[in-house]
Amino acid sequence: MTSDIRSAQSAPDTSRISISAHYTGYVWYRHGLSEQQFVTPAGRFAALALAPVNAFLRLVAGADIDTFLLQRHQVIDHLLTELIEKEGVTQVVEIAAGLSPRGYRLRQRFPHIRYLEADLPAMAARKAQLLATLETGPEHQVYACNILQPEGPESIHSLLNKLNPVEKTVIVTEGLVNYFELPVIRAVWSRIASGLKRFSGGYYVTDLYPDFADHPSYRYVKFAQKLVGFFTRGQWPLHYPSDDAIHAGFRQDGFSHTEVHDPAGFYDTLALPRARTRTLVRLIRADVNDD
Ligand SMILES: C[S@@+](CC[C@H](N)C(=O)[O-])C[C@H]1O[C@@H](n2cnc3c(N)ncnc32)[C@H](O)[C@@H]1O
């Protein structure tokens, strides 16, 4: 109990980031990937405020914010679907779920899976209320979790304790990891990897925006970086300069196998919106399983 209180006091408050969930939640809705219940006035307002920025980016970079959000969202959905259908995953833990409709949609398609959503306490409470209106059922739950808590009731460890270790399990994070400096998020990745080892199969899926300094639209990436930082009152650092560096980092953090996916590889199969230049986001599927 004492250690819970100590860790609760020491983890930084990153709730300033939560505003971004309102915007992404609205993007999923306006592209037909969500339900009206997931839309908030703040999301609608952010979409209006960002409309000129999106128009500018389409003109100069051939893709706007929605393009990259949709690419990551749809490829993550695809990777999770494969894990459920081909690997037999039955437990999904979506950390920093925000106003994502993923749990609601996946459970409609795969009613046998258990789905835990987690976010900072205020966002988790809001999401729980929202899901209650959709009557999502007892196998779909929402918990407060702060990824920066190494231990205690709001830690990743505590979240995983709610699950059955015999079942294959995937943790997913979307739109989260680039809000933290690399050493901070690597400590989280290490905790995710060690936490997943208790399951009969343990997987992790995430998006990641790397630091591709030679990208033709790099100056617009730096612009987007400042924009996200402005809205969320913090930094939005890019991580790793190459796919090879991502592989090496994930291995060091405790994952046995890592796949790094470029959304362009799914242009023909998933009907993704296309960017005129090279893509900017990577989707990662890693696991902690033996060969
Ligand atoms: C950009 S939103 C992404 C939401 C959703 N995954 C999506 O893609 O639409 C970032 C989310 O991270 C959550 N978040 C911020 N700091 C966090 C932390 N320390 N632990 C857990 N979640 C956090 C925010 O509350 C917010 O819901």
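User: Where is glycine 202 found?

Analyst: This is a predicted model. Glycine 202 touches Thr169, Leu196, Ala286, Asp287, Val288 and Asn289, leaving aside residues up to four places away in sequence. Its own element runs over residues 202-208. That element is strand E5.

User: Is glycine 202 buried or exposed?

Analyst: The cut-off for buried is under 20% relative accessible area. Glycine 202 has 0% relative accessibility, so it counts as buried.

User: What distance separates the C-alpha atoms of glycine 202 and arginine 16?

Analyst: Along the chain, glycine 202 and arginine 16 are 186 residues apart.

User: How far apart in space are asparagine 161 and arginine 198?

Analyst: Asparagine 161 is in the loop between helix H7 (156-160) and strand E4 (169-173). Its relative accessibility is 49%, so it counts as partly exposed. In sequence, asparagine 161 and arginine 198 are 37 residues apart. From C-alpha to C-alpha, the distance is 9.6 Å.

User: Turn to the ligand. Which residues are closest to it?

Analyst: The ligand is surrounded by 20 residues. Helix H2 gives the most to this shell, with four residues. The closest residues are Thr14, Ser18, Thr24, Asp119 and Asn146.

User: How much of the ligand does the protein bury?

Analyst: Start with the polar pairs. A polar side-chain atom of aspartate 119 is 2.6 Å from a ligand oxygen, and one of tryptophan 28 is 3.1 Å from a ligand oxygen. A polar backbone atom of glutamate 174 lies 2.9 Å from a ligand nitrogen. The ligand alone exposes 590 Å², and the share buried by the protein is 99%.

User: Is threonine 24 buried or exposed?

Analyst: Threonine 24 sits in helix H2. Its side chain reaches the backbone oxygen of alanine 21 at 3.3 Å. Not counting residues up to four places away in sequence, threonine 24 touches Leu69 and Arg72. Its relative accessible area is 15%, so threonine 24 is buried.

User: What span does helix H3 reach from its first C-alpha to its last?

Analyst: H3 covers residues 41-61, which is 21 residues. At 1.5 Å a residue, 30 Å is expected. The model comes close to that, with a reach of 29 Å.

User: Where does the kink in H3 lie?

Analyst: The kink is about 45°. It comes shortly before proline 52. The residue is leucine 50.

User: What covers the buried residues of H3?

Analyst: The buried residues are Gly43, Ala46, Ala47, Leu50, Val53, Asn54, Leu57 and Ala61. In an α-helix there are 3.6 residues a turn, so residues three or four places apart point the same way. The cover for the buried residues of H3 includes helix H2 (19-30), helix H4 (65-86) and helix H9 (218-232).

User: How far apart are the end C-alpha atoms of H9?

Analyst: H9 has 15 residues. At 1.5 Å a residue, they should span 21 Å. The model agrees, because the end C-alpha atoms are 21 Å apart.

User: What covers the buried residues of H9?

Analyst: The buried residues of H9 are Tyr218, Tyr220, Val221, Gln225, Leu227, Gly229 and Thr232. Their cover includes H2, H3 and H4.

User: Which residue follows H9, and what is its phi?

Analyst: After H3, glycine 62 takes a positive phi of about 75°. H9 is followed by arginine 233. Its phi is also positive, near 55°.

User: Is glutamate 135 buried or exposed?

Analyst: Glutamate 135 lies in the loop between helix H6 (121-133) and E3. Its phi is positive, about 50°, although it is not a glycine. With a relative accessible area of 71%, glutamate 135 is exposed.

User: What is the relative accessible area of alanine 271?

Analyst: Alanine 271 is in the loop between helix H11 (267-270) and strand E7 (282-287). It is not a glycine, yet its phi is positive, about 50°. Alanine 271 is exposed, with a relative accessible area of 63%.

Definitions and conventions. Residues are numbered from 1 along each chain as its sequence is written. This is a predicted model: local features need pLDDT of at least 70, side-chain atom pairs count only at pLDDT 80 or more; totals for chains, interfaces and linings use all residues. Side-chain values use heavy atoms; hydrogens and water are left out. Helices (H or I, at least four residues) and strands (E, at least two) are DSSP runs, numbered from the N terminus. The expected span of a helix is 1.5 Å times one less than its number of residues. The bend at a residue is the angle between axes fitted to the seven residues ending there and the seven starting there. Buried means under 20% relative accessible area, exposed over 50%, partly exposed in between (1.4 Å probe, protein chains only). Contact means heavy atoms within 4.5 Å. A residue is near a molecule or strand if one of its heavy atoms lies within 4 Å of it. A polar contact is a pair of N or O atoms within 3.5 Å; within protein, one must be able to donate a hydrogen and the other to accept it, and residues adjacent in sequence count only if both atoms are side-chain atoms. Accessible areas come from the Shrake-Rupley method with a 1.4 Å probe; for residues, only the protein chains shown count as cover.
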